[in-house]
Amino acid sequence: MAAKRALIVDDSLSARVVLSRMLQKYGLDVDTAESAESALTYLAQQRPDVIFMDHLMPGMDGFQAVQAIKNNPRTATIPIMMYTSQQGELYVGQARALGAVGVLPKLVKPVDVSKILYQLHLLPERRDTSPPAFVAANAAAIRAQEPRPEHPKPTPDLPADWHPQLESALRNHDADMRRFMVANLDTFADRVTGDVRNLINELPALQAPALPPRPRPPYLWMAALLLALVPGIILAVLHTRALDSNRALAAEIGGLKAEIANFTAELDRLRALEVERVAAAERVGEAARIGLMTTATGELAPLVETVSYGEIPLALGRLDVLRDLLANLEQRSFRGVIEARAYTGRFCVVGNATDGYALAADDLPAARCDIIGNQFADSLSPAQRQSLAFANLVSSVRQRTGGALAVEVLDGDDAALEAYPAESQSLTAGQWNEIAARNNRVEFTVVPAET
């Protein structure tokens with residue numbers, strides 16, 4: 001009588017190997033296909049006695065394959081058993097409605113396989129009780145046969161959901177490997193147990209019948225005990241190897257996550273630099289358009305005009321500079337604000353409140369200055385710091401441009417002043433006042449309107 005033939009359709013190599021070993025244990029010839037499309041090509045030439053069909057596969061899924069097989073009159077009568085991790089009465093009902101005879105879970109035991117084969121009349125009514133010569137597959141060898149994807153080089157165009165997809169793929173692979181190891185260990189334990197029982201049953205036959213009874217040698221019991229412990233030892237070794245494999249996989253995943261995090265941080269830094277570079281280029285272009293200089297960071301450089309001691313800050317030469325700047329900006333249709341900041345220098349002066357104060361002679365020791373300050377500037381109110389002509393110019397340009405170009409008068413921050421020298425016997429008034437003259441200034445800063 002020819003052996004029955006089964007076709008296993010599953011994209012997982014470990015799942016195909018586990019079920020193949022179980023079916024071969026019962027004398028079935030087994031063919032495998034890694035996709036539904038490959039199975040349909042196989043069925044065009046061969047006709048197995050039963051088909052075990054996975055559900056989730058790349059391309060055509062299990063339900064679509066069942067429909068295609070049942071719609072073909074040549075293959076419609078072949079019984080199909082869904083071989084999948086899908087569960088629930090709803091799924092079983094859907095499978096049977098499409099023509100499948102039932103559902104076989106991925107965590108299958110040999111006794112479940114034998115029941116299904118008897119139900120499908122693929123086994124004789126009386127089974128051979130002798131233990132089959134079944135050798136458990138080497139988990140490491142099977143794992144080595146599976147294609148190992150290369151780590152993709154990180155690129156800036158990673159999809160937003162790359163992290164859930166990676167974790168789902170790893171979980172599915174880990175579940176397949178656990179099912180494979182459990183099934184192989186169960187089969188291996190059955191074989192070892194059967195071998196031990198046969199050896200124990202054969203021990204009495206080793207005694208010569210003509211010899212008088214004598215005590216059984218103790219080493220036989222020790223051998224039997226050792227053989228009984230072999231399955232446990234093997235299980236412990238395989239379990240330890242599985243734990244080591246899981247730890248190595250977890251470490252590899254952790255390293256991959258760290259590399260992705262570093263890459264993401266570097267990408268964010270480069271994007272920030274690019275945004276700053278574009279902004280600086282825009283500022284340089286705007287400065288060139290209105291004829292101003294820029295700083296090293298791309299900011300518009302202010303126009304600096306010094307103010308002599310005793311002069312009104314926003315008047316005289318500063319007024320002429322502002323008038324030319326406004327004319328230039330207005331001609332170029334510039335929109336924005338000119339910030340006029342007045343800074344006050346502290347001078348070394350001599351005199352008194354009655355006769356007034358004047359700058360000290362340059363060779364006068366700074367320690368002999370009557371006052372270090374700027375009584376003239378301190379005595380001016382905010383309105384008195386600008387001349388009438390300055391105020392009229394600011395008002396006229398605002399009205400003429402409809403507020404598109406304006407001037408804003410601000411007080412300078414002392415933190416921006418040049419530091420004065422420390423007091424010493426050699427410090428002269430001229431050295432002190434040289435720094436005070438540079439601090440006593442007006443800065444005109446052009447601020448373009450935000451677009």
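This is a predicted model: local features need pLDDT of at least 70, side-chain atom pairs count only at pLDDT 80 or more; totals for chains, interfaces and linings use all residues.
**Valine 113**

Leaving out residues up to four places away in sequence, I find valine 113 touching Leu19, Met22, Leu23, Tyr26 and Val108. Valine 113 itself belongs to helix H5, residues 110-119. Buried or exposed, I wondered about valine 113? Its relative accessibility is 2%, so I put it down as buried, the cut-off being under 20%.

**Serine 20**

Next I went to helix H1 (residues 13-25), where serine 20 sits. Serine 20 has a relative accessible area of 9% and is buried. What does serine 20 contact once its neighbours within four places in sequence are set aside? I get Ile8, Val30 and Thr32.

Two strands cover those positions, so I checked them too, because E1 is residues 5-9 and E2 is residues 29-33. Strand E1 is mostly covered, with 4 of its 5 residues buried. E1 and E2 run parallel and are joined by 5 bridges. Within that pairing, I noted leucine 7 opposite aspartate 31 in E2.

**H3 against H4**

I then looked at a helix pair, H3 (residues 62-70) and H4 (residues 89-98). Their axes come within 9 Å and cross at roughly 25°. That angle is why I call H3 roughly parallel to H4. Which residues make the contact? From H3 I listed Phe63, Val66, Gln67 and Lys70, and from H4 they meet Tyr91, Gln94, Ala95 and Leu98. Sorted by type, the contact of H3 with H4 has 5 nonpolar residues, 2 polar and 1 charged.

**The disulfide**

How many disulfides are there? I count 1. The disulfide joins cysteine 348 to cysteine 369, and the S to S distance in the model is 1.4 Å. I'm writing that number down as it stands; the pair counts as a disulfide because the sulfur atoms lie within 2.5 Å. The angle about the S-S bond is -80°, and the link of cysteine 348 and cysteine 369 is left-handed. Cysteine 348 is in strand E8 (residues 347-352), while cysteine 369 is in the loop between strand E9 (356-359) and strand E10 (371-373), so the link ties together parts 21 residues apart in sequence. Both cysteine 348 and cysteine 369 are buried.

**The sheet around E8**

For the E8 and E9 pairing I get 4 bridges in the antiparallel sense. One bridge I wrote down: asparagine 352 has glycine 356 in E9 as its partner.

**Positive phi**

As background for this check, most residues other than glycine have a negative phi. I picked out two that go the other way.

- Histidine 121 has phi near 60°, a positive value in a residue other than glycine. I place histidine 121 in the loop between H5 and helix H6 (139-145). With a relative accessible area of 63%, histidine 121 is exposed.
- Serine 333 has phi near 55°, again positive and again not a glycine. I place serine 333 in the loop between helix H9 (317-331) and strand E7 (336-343). Serine 333 has 58% relative accessibility and counts as exposed.

**Whole chain**

Last, I took the totals. I have 12 helices and 12 strands for the chain. Of its 451 residues, 33% count as buried. Taking contacts between residues at least 6 apart in sequence, I see that 70% join residues at least 24 apart.

How values were computed:
Residues are numbered from 1 along each chain as its sequence is written. Side-chain values use heavy atoms; hydrogens and water are left out. Buried means under 20% relative accessible area, exposed over 50%, partly exposed in between (1.4 Å probe, protein chains only). Axes are lines fitted to C-alpha atoms, for helices over the stretch in contact, and angles run from 0 to 180 degrees between N-to-C directions. Angles under 35 degrees count as roughly parallel, over 145 as roughly antiparallel, 65 to 115 as roughly perpendicular and the rest as oblique. Contact means heavy atoms within 4.5 Å. Ala, Val, Leu, Ile, Met, Phe, Trp, Tyr, Cys and Pro count as nonpolar, Asp, Glu, Lys and Arg as charged, and the others, Gly among them, as polar. Two strands pair if DSSP finds at least two bridges between them.
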